[in-house]
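Please read it alongside the sequence and the model shown here.

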Amino acid sequence: MRTSIRMFTVGAAAALLLGCVSGPAASKGADGPDRSRVLVFSKTAGFRHDSIPEGIAAVRELGATGGFAVDATEDAGAFTARNLARYDAVVFLSTTGDVLDTTQQAAFERYIKRGGGYVGIHAAADTEYDWAFYGGLAGAYFQSHPAIQPATVTVEDRSHPATSELPRSWERTDEWYNYRSNPRDRAHVLASLDESSYTGGTMSGDHPIAWCQEYRGGRAFYTGGGHTKESYAEPAFRQHLLGGIRYAIGAAQADCRPENGYRPLFDGTAESLSAWKQAGPGSFSLSDDGTLTSHGGLGMLWYAGSEFGSYSLKLDWRVAGDDNSGVFVGFPESDDPWSAVDNGYEIQIDATDAPDRTTGAVYSFQSADLKKRDRALNPPGEWNTYEIRVEGEHLRVWLNGVKINDFTNTDPVRSLRDGHIGLQNHGADDQVSFRDVRIKELPTKGD
């Protein structure tokens, strides 16, 4: 569907199938040297969901188009070190009750600690209540649920591959779980339920329904959706599952650290841009899905509402190809974009320039750790997340949760202790998109 754009001047407003594949990091064998493989596990020792066959079929179809092979089993005997090493991720598809014995549990723990992936769907949270490792991996245990009904899902993270294509408010019908604990402090919440939009929510208005995390060396994604057969025919839910699987197998990168205490500077609405100003030529457009895209230049969209000294700045960005932009910090108020160049620091976005002028670099001052950067970076067309943390004259950069730059200002002409932040629109040939600019102010401390 074509997204409408409005231009503006800112400031104005069931058998175990065997293959020949090796460990989680690099699958090899009959499917090719780079073919990932996923195991769908759907054993039940309690309630059995009649949507399991549809779920298996959907994951197989997603694999056929998404570039990964899929095996399916209800045989817990598949949980051996040798067999698990063949898979990049294991999908627990509406499993219930105690489905693994202690030996199988130990094998799965070793698999995760060695970098394996986990995907939990719906009743995966109604599984293995007496196995603490699994509870931490899943993120939360099931408590209860009301009747199947429509609800509004609030998408909190719009850069993760499981949620990047979803609307900010996602209307769908499912069986909505309540959980025994809130995973927000331990995992990164991707989406939550608006408890005012349906009846039967018991989590006091903070009701995560999908999340991700790095756990004991592995990657984990969980979604509470998927009770109904119809879920697996929904294009949006299938995309949600595909993104979660891609994250779990390592095909897409994301910042899955817990995120709390941030406030929005730009939340996707025109109203949130009232404190921003355009300096210099060019502009940004705002699409109806809440994405800012640069046009022309060289200019800069900068936050004039206040200066910042000690803070963590997070934002999501995407390039279409070999495009150029950057995030400026620590510069004084000015309508001249060159003032930011001359007085502040730019964290670069550029796929192909010299090491000190490419993605993750403090432009012209310090290159990113390129090996870490390259492992963490999603390719053009996919979203990435920066965290830029400034404390005194100390500046650090995380890309999709991986620290890639650690820089200290020693230039007497420049200072990071106070200044504005801005997004560059570099030129007519460079179109870079941004979403969800948010900040958490930190206690002031010495360098």
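The largest cavity holds about 60 Å³ of space, a volume being the space filled by probe spheres set on grid points that are joined across faces, edges and corners. The model is predicted, so local features need pLDDT of at least 70 and side-chain atom pairs count only at pLDDT 80 or more, while totals for chains, interfaces and linings use all residues. Residues are numbered from 1 along each chain as its sequence is written, and side-chain values use heavy atoms, with hydrogens and water left out.

**Largest cavity**

- A cavity is a set of points, on a 1 Å grid over the protein atoms alone, where a 1.4 Å probe fits but cannot get out, and its lining residues have an atom within 4 Å of a point.
- The lining of the largest cavity consists of V153, W170, R172, W176, A191, I209, A210, T223, G225, F237 and H240.
- These lining residues divide into 7 nonpolar, 3 polar and 1 charged, where Ala, Val, Leu, Ile, Met, Phe, Trp, Tyr, Cys and Pro count as nonpolar, Asp, Glu, Lys and Arg as charged, and the others, Gly among them, as polar.
- At least two lining residues come from each of β8 (169-174), β11 (207-215) and α5 (235-249), with helices (H or I, at least four residues) and strands (E, at least two) taken as DSSP runs numbered from the N terminus.

**Helix α5**

- Because 12 of the 15 residues of α5 are buried, the helix is largely enclosed by the rest of the structure; buried means under 20% relative accessible area, exposed over 50%, and partly exposed in between (1.4 Å probe, protein chains only).
- Among the buried residues of α5 are F237 and H240, both of which also line the largest cavity.
- Just after α5, G250 takes a positive phi of about 85 degrees.

**Salt bridges**

- The whole structure contains 25 salt bridges, each a side-chain nitrogen of Lys or Arg within 4 Å of a carboxyl oxygen of Asp or Glu.
- R48 and E74 form a salt bridge at 2.5 Å, N to O; R48 lies in the loop between β2 (36-41) and α1 (52-66) and E74 in the loop between β3 (68-73) and α2 (81-84), so the pair ties together parts that are 26 residues apart in sequence.
- R184 and E156 also meet in a salt bridge (3.0 Å, N to O), in which R184 is buried at 15% relative accessibility, whereas E156 is partly exposed at 34%.
- A network of salt bridges links D255, R257, E259, K314, D316, E387, R389 and R438.

Methods
On a 1 Å grid over the protein atoms alone, a cavity is a set of points where a 1.4 Å probe fits but cannot get out, and a pocket is an open set with protein on both sides within 12 Å along at least five of seven lines; lining residues have an atom within 4 Å of a point.
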